[in-house]
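Here is a short briefing on a structure with two chains. Look at the picture first, then work through the points.

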Amino acid sequence: MANGKKYFLRFNRLNRTLHVLMIISFLTLSLTGLSLKFSYTGWAKFLSRVFGGFESAGYFHRSAAVIMMIVFATHIIYLFRLKRNEFGSWKAMLIGDHSMLFNKKDLKDFIASLKWFLGLGERPEYGRWTYWEKFDYFAVFWGMFVIGSSGLMLWFPEFFTRFIPGWFINVATIIHSDEALLATGFIFTVHFFNTHLRPEKFPMDIVIFSGRVPLEEYKLDRPAEYKKLVESGELEKYLVDEYPPIVIRAMKIFGWAALLTGFSIILWIIYAMLFAYR
Amino acid sequence: MISKRITNKFSTAALLLLFVLASPFPLNAQSNEDCFMCHEDNQLKGKRNGRTISVYVIEKKFNKSVHGDLECVDCHSDIDPEDLPHPDDVEQVDCGICHDDVQELYNQGLHGQAFARGDPLAPLCKTCHGYHYIIPVKNINSAVAPLKIPFLCGKCHREGTKVQLQRHIPKDKILENYSQSIHGEGLLKKGLVVSATCVSCHSSHRILPHTDKRSTIARNNIAATCSKCHAEIEAVHRKIIRGELWEKEANVLPACVDCHQPHKIRKAFYEQGMADNDCLRCHGNKNLTAKTDGRSLFVDYTVIKDSKHQNIACSQCHSEVNASKTRPCVTITKKVDCSACHSEIGEQYATSIHGTLFAKNDPNAPTCKECHGTHGVLGRENPDSPIFTTNIPNLCAKCHRKGEKAARRYTGPEVNIIAHYTQSIHGKGLLKSGLTVTATCTDCHTAHHELPHDNPESSINPKNIAQTCGSCHHGIEEQFQKSIHSPLVSKAGKKLPVCNDCHSAHTIRRADNKGFRLEIMQQCGNCHPRIAKTYFDTYHGKVSQLGYVKTAKCYDCHGAHDILPVDDPRSHLSRENVIKTCQKCHPSATRQFAGYFTHATHHDPDKYPYLYWTFWGMTGLLLFTFILAGMHTILWLPRSIQWRRQLKKIMNENSDEQKDKKDKSV
């Protein structure tokens, strides 16, 4: 313990790796995809050139799509292994405190949060996963399904039109494009705020790269989970050392790059929608 | 019948017997012998109009004449052979009894009209033909033999005669001029009986003034008249006047007499016998300069001999010289007029923009020599010629290059044309690949009939441009003329595109060139804005907008020169052809695949309801999500700031506690 602080491990190595891959593929997909969606802006043409022209940008887009699908598949496999190794049954995993599914506590927390926002109550005692984290989590599932499937149709129109009418490719285009707008818009604003920009985390929370939060902080941020772990005596299992400063620095640099890219994209979208929309 | 036959045989002859004497031998009136019994007396006198005249007829001579087989009374029909000797007052013989066709011509002619008026100067048949002793016209002793005609006509038409003095004859010195003319020389000096005489041009009997349309010397008939002898003259003059036009449009073209004056006919206007050497006596001197401006008047004769005009004499171009002067060129008043020989080109030039500027004395206007040079003029097939194909861009550039005089006065959109042309596919083909078949300036603008594009006569007028381009790109023109863009097909009255609307003029590129493929969408969109806009709403358009060349552009689907409405079965997009068209890029395309909307928009609920509702469904989802999440975030913000302060405080307290603990333990 370099500075004498204790650290709590929130994310294991696999999940952190997957998230980094997710960031890389998502940003690539956003940049290349939006440059096509907003092809009438000068920015789009510039970006397209950055990616080595449209054709090359297309390869980037599809490669990133493949990476994202691998990330998604890996996560699904991970869920199966998690069930087998730690929970034994789907029921235990999905009903338990660590479940990503929405449950009664989330509803209670959500209402309590709103009360807190309005000054009608104390800050709720959030558990391992807050309701907004669960929302983000399932947003990915929804996005993977909607964008992924429509994207495949656009990738292989000749194959898919054996089963679906040609005009559905037009529909798929709109769905793919607007859902992508939703995804990027949501991630680069709401998700960024929830995790990085909200004042207590500002300017950035690198927990998704390091997996570690100071125990003190965790205790205050997720009191319900902390108490539970103390009671069950499992807290020790999650206590780890902090990474050396150079690693933290690298993580911060990566984090900044991703954040700034996201913000730039948001600015570009706003510009394209407001000033250059056709 | 017999007499008729004879008359026909000698159709030029007409007979008028004027003097008839009463026979002193009344018993013998059955034959000519009866007549000659009295008329062979060379002392026999008769009376006519109160004058005493000889009525002697030489029988032998009469018998040898063309009328020798006739009876006297056949002509002198008023004499009764039973009642001889006949009275003194015998009527004039009417040749028209037999020669009625000739008589008719005579009556129509000036001579006949004068006779009918009672003009005492009017010539009668006998005035020209004589009477009892008429012999065949082919006989050189005939009064109307060619050699005698000028003298015959000259009896009345030479200077000083009553006819010449008292009647209105527009020409003077007719005989004098004729005798010096090439026709007169041929006839009179060289004895060529085939040489033209008065009657060759004016005809024999129906002589009419040139103002009469029926006249052989009327403007419209001149060519026909001259070509009776000069049958091949049209071929010789073809360079000056297109043969067939000469007779058809005599009103606009020069007639023979415009150049070859009647009665003074010479070979041509320019002086014969002016040898080039005569000119070179002075102009062979290298130091010869003009008095006025000091320019050199030296002519390098070897240059002329190597030129296209090597067989043309100086005086043929520098006409108006007079060989009889010490300096024959002193009489020259005009500059060389190339159109004297190159008349067709001269006409083209005169109506071209160059020619009209020249007519206005514009100092910028180029004349023949600016492009073709002067003495050293070379044919366009000679690579050293300024008008050899590969030299043409440079030639025109002398005035049309950016900054030069023609480019400065031009105000249209085609700027920097020479530089653009050089970079164009035509320019590269010509100047880099050395293809002499490549289009140069003159292939599109013509060599001598250049006109601005808004002139309907111009080769680059929208109406004519397909034809102009088609002179090389014939196959394309054929396709284009069948397409919906052709005025032959599209009758909607809308403005239709022509070659240069899509391909541009001087910057023309290969159609597989990147720039062309990207710009064509704009070009089509100029006229089809709505359909272009929706194209840019779909994948092909969006990708193209990013500068991607391979994606389908307008003409990849619709066809280029053979473009037709999609409801035309021959269209590339008709139901029969559309799959094949998609398969050009999407090899496994099917009928369903072709159902993709390439021009779809999600703004049209009637035409594309699925797209419209998908779009608004997605937009609703978007708005819903963002509003919800946005509100959550905004509400959260103030509490979060509060929480941050609280956290800090707690953390600080904790670390203080820890410090205390540490201190205590120490």
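Helix α28 (residues 462–470) of chain B packs against helix α29 (residues 474–482) of chain B at an angle of about 145 degrees, with their axes 7 Å apart. Axes are lines fitted to C-alpha atoms, for helices over the stretch in contact, and angles run from 0 to 180 degrees between N-to-C directions. This is a predicted model: local features need pLDDT of at least 70, side-chain atom pairs count only at pLDDT 80 or more, and totals for chains, interfaces and linings use all residues. Residues are numbered from 1 along each chain as its sequence is written, while chains are lettered from A and ligands numbered from 1 in the order in which they are written.

**The helix pair in chain B**

- Two residues are in contact if their C-beta atoms, placed from the backbone, lie within 7 Å.
- Ala, Val, Leu, Ile, Met, Phe, Trp, Tyr, Cys and Pro count as nonpolar, Asp, Glu, Lys and Arg as charged, and the others, Gly among them, as polar.
- In α28(B), Ala466(B), Thr468(B) and Cys469(B) are buried.
- They cover an arc of only 165 degrees around the axis, which puts them on the same side of α28(B); the arc is that of the directions from the helix axis to the C-beta atoms.
- The cover over the buried residues of α28(B) includes α27 (441–445), α29 and α30 (499–503) of chain B.

**The two chains**

- Chain A has 13 helices and three strands, and chain B has 36 helices and two strands.
- Helices (H or I, at least four residues) and strands (E, at least two) are DSSP runs, numbered from the N terminus.
- Of the 278 residues of chain A, 31% are buried; of the 666 residues in chain B, 27% are buried.
- A residue is buried if 20 or more other C-beta atoms lie within 10 Å of its own, exposed if 12 or fewer, and partly exposed in between, with C-beta atoms placed from the backbone.

**Where the chains touch**

- The contact takes 38 residues from chain A and 43 residues from chain B.
- α8(A) gives the most to the side of chain A that touches chain B, with 15 residues.
- That side of chain A divides into 20 nonpolar, eight polar and 10 charged residues.

**The nonpolar cores**

- A nonpolar core is a set of buried Ala, Val, Leu, Ile, Met, Phe, Trp, Tyr and Cys residues joined through C-beta atoms within 7 Å.
- The largest one has 40 residues, and those with the most contacts inside it include Val171(A), Ile175(A), Val543(B) and Leu611(B).
- The largest share of this core, 12 residues, comes from α8(A).
- Leaving aside its neighbours within four places in sequence, Val543(B) is in contact with Leu36(A), Phe54(A), Tyr548(B) and Thr551(B).
- Apart from this core lies another, of 20 residues, among them Cys72(B), Ala196(B), Cys201(B) and Cys226(B).

**A tryptophan in chain A**

- Trp142(A) lies in helix α6 of chain A.
- Is Trp142(A) buried or exposed? Trp142(A) is exposed, because 12 other C-beta atoms lie within 10 Å.
- The C-alpha atoms of Trp142(A) and Glu179(A) are separated by 9.7 Å, and the two residues are 37 residues apart along the chain.
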